[in-house]
Amino acid sequence: MSRIELIHGSCADQVVDAVVNAANSGLWAGGGICGVIFGKAGMRELTDACSKYNTPLNDGDAVITPAFKLTNAKAIIHAVGPNFAVTPSAFEELFKAYYNSLTVLKDNGYHSISFPLISSGIFGGGLPNPAGESTRQCLKAYKLFVQDYPDYDIDVKLCAFGQSEMIQAQKEFENL
């Protein structure tokens, strides 16, 4: 039975098959959760694995690497969220970042995943409520995935790191 839950904490700390990195199109180590994941997995190892992909990736793309030294997961899925400061109406691309991550999860035989709120930090741009929008798109992607693959059970943990993000994400979960 598939399920989705909201966690107040870091996606990098969850015990899951795959942790999602809010990646940039070049798959370089960045700030925020991206920097945390690169640090925990091993900067050199993860940089080498990411360099094997033909970049830049498109907004909404998702690719997978081993988790290396990130001992609470088997893999890292790198999902490229849109930068709303550059593309202010990229809601479909944000949805695809979540949905494509779930597809990569399934294609690799994994069942549990932890997401950060993709495109809700520095990539949130001028959105009035980036955490709420990211949560909305995650819920939409989860619902479609479960509809498209009813016989493939997944356990999704959507992680809101900050208190204000958690409050905004909870409001979206209440609307579910």
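Strand 5 (residues 112–115), helix 4 (residues 130–148) and strand 6 (residues 155–160) form a β-α-β unit of the right-handed kind; with the strands pointing away from the viewer, the path from the first strand over the helix to the second runs clockwise. Helices (H or I, at least four residues) and strands (E, at least two) are DSSP runs numbered from the N terminus. The model is predicted: local features need pLDDT of at least 70, side-chain atom pairs count only at pLDDT 80 or more, and totals for chains, interfaces and linings use all residues. Residues are numbered from 1 along each chain as its sequence is written, and side-chain values use heavy atoms, leaving out hydrogens and water.

Two strands pair if DSSP finds at least two bridges between them.

Because 6 of its 6 residues are buried, strand 6 is largely enclosed by the rest of the structure. Buried means under 20% relative accessible area, with exposed over 50% and partly exposed in between (1.4 Å probe, protein chains only). D155, K157 and C159 cover one side, and V156, L158 and A160 the other.

Helix 4 also packs against helix 3 (residues 91–107), at an angle of about 45° with axes 8 Å apart. Axes are lines fitted to C-alpha atoms, for helices over the stretch in contact, and angles run from 0 to 180 degrees between N-to-C directions. The two helices are therefore oblique to each other (under 35 degrees is roughly parallel, over 145 roughly antiparallel, 65 to 115 roughly perpendicular, the rest oblique). Contact (heavy atoms within 4.5 Å) involves residues including F91, F95 and Y99 of helix 3 and Q137, A141 and F145 of helix 4.
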